[in-house]
Amino acid sequence: QAADSLSGCTALVCGLILVLLFSAGFVKSPMSETKLTGDTFELYCDVRGNPTPEIQWWYSEINRADSFKQLWDGARKRRVSINTAYGANGVSVLGITRLTLEDSGTYECRASNDPRRNDLRQNPAITWIRAQATISVLQKPKINASDQIILPADSPGVPVTLHCNLTTAHTANTVHTESFWVKNGREIANTRTEHRTTAYRIGKPRADDSGEYMCVYTFEMAPNANATIEVKAKPVITGHKRSENKNEGENAMLYCKSVGYPHPTWTWRKMEGTSSTDIDNSTGRFFITSRDNYTELNIINLDIDTDPGKYECNASNAIGTTAEITILRVRSHLAPLWPFLGVLAEIIILVVIIVVYEKRKRPDDIIDDKTLFQVTNRHKRKHVML
C-alpha cells in the first residue's frame, strides 16, 4: 500500500504521505491523579498509526526523570496489571492496586511503529513518542469508625447510631472542609457538617435500613477520605406473586423482592407435600435470574401434569433466611371454552325440557281447529239471540 501510494508523487507529497501512513500519534493520553494509600488507579493510553504502534509503560520515581524503568504485567508483587489490545488503534490500560507511598512518580506511555524501535543502536527519543502522567500518593487519613451493626430480627425499632471521627489528615497542612454520610453509594440528605466528629442516627431501624454506610471527609487540595460501616440484617421478602394462573403451553414468570444486607443468595424450590425439589437452569424449561435483592423464575411451555403446585423462593445471607410461597395453577387448553360450553349446555337442556313437555301433554288438553270453530260459532249465535 505504501509503495502504491508513493508512486508518481513529488518529494513533498511523498513525505506527507509517509507521515500519514506511518507516524504514531496519541488519541488519548494518561492523566495525572492524586490518590490515597490503599486505593487503585488506572491510566489509559490510546494510540493510532499505520501500522498499529506498539505500546509500553515506563515508570520513574519523583524527581528522578532520568531513571525510567519499564513496567510489566504482574510487577510489584502482582499489584501491576497491563492490558493491551491492538486493532485499528493500539489501546492499553495500566492499573495498580493497593497503592503505597512508593508508587508515587511519573508514569509514561510510550508508542512506536518505527521498524527500528527495538534496535539498541537507535535513539529511543526519536523512535518512540511519549505521554506522561504524575501519580501522587498521599497517606490515607485515619478515621475511627463504628464497628459493623447487626439489626436484631426479634426486636426491631431499637435506635442505632453510627459514629466517625477524623483523627489524622493526609498531612499537617491539609485542611478539612466538611463531612457527610452516604448509604449504598448515595448521599444522605442533611448530613453535611464541618466537624471532624460526625454521627448518623437511625431512629427505628428496619431491614430496609440495612446496607453499606460511609462517612466521607472532604479536603482542600486532597482527595476525599472515607470509612465504611456495614449495617446488616436478615433478608425480608417484601414482594412476591401469591398465585399465578396460566394455560398449558404458556410461559409463567414468578418473582420475589427483598430488603436486607448483605444481598441474599436466592434459591427456588418446588414443594411436594412435606418434601421439596431444588430448581436450577439445567432442565431447559426453568430459568432463574437473580441480582441483589431480586430474583425471577421463568417456566417455559407449561405442563398441566407436572408444573402446577407451590413454588418457594428462598433468600439467605449471613444473618438469616426467609422464604415465601407462590401457587402456580395450570389450566387445560379447553379452559377458555368452558363458559361458552356451559351456556350452550343450558340452552340444549332447556330445549329438551320444552320438547319433552310438549310431547307429554294430555289429549284432553289439545283442542283441534274444528272443535275450536264449533265452539266459537255457538258462542256467536248465543250472543245474537240475546
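Q: What is the mean pLDDT of the chain?
A: pLDDT is the predictor's confidence in each residue, from 0 to 100. Here the chain's mean is 86, and 85% of the residues reach 70 or more. In this predicted model, local features need pLDDT of at least 70 and side-chain atom pairs count only at pLDDT 80 or more, while totals for chains, interfaces and linings use all residues. Residues are numbered from 1 along each chain as its sequence is written, and side-chain values use heavy atoms, with hydrogens and water left out.

Q: Where does pLDDT stay under 50?
A: One stretch is residues 1-9, with eight contacts (heavy atoms within 4.5 Å) beyond four places in sequence. Residues 11-21 also stay under 50, and have eleven such contacts.

Q: How many residues does the largest nonpolar core have?
A: In soluble globular proteins, nonpolar side chains tend to be buried together. A nonpolar core is a set of buried (under 20% relative accessible area, 1.4 Å probe, protein chains only) Ala, Val, Leu, Ile, Met, Phe, Trp, Tyr and Cys residues joined through side-chain atoms within 4.5 Å. The largest one here has 23 residues, and Trp 181 and Phe 219 are among those with the most contacts inside it. Strand β17 (a DSSP run of E, at least two residues) gives the largest share, six residues.

Q: Where is Lys 241 placed?
A: Look in the loop between β17 (222-240) and β18 (243-247). Leaving aside neighbours within four places in sequence, Lys 241 is in contact with residues including Met 253, Tyr 255 and Ile 325.

Key:
Helices (H or I, at least four residues) and strands (E, at least two) are DSSP runs, numbered from the N terminus. Buried means under 20% relative accessible area, exposed over 50%, partly exposed in between (1.4 Å probe, protein chains only).
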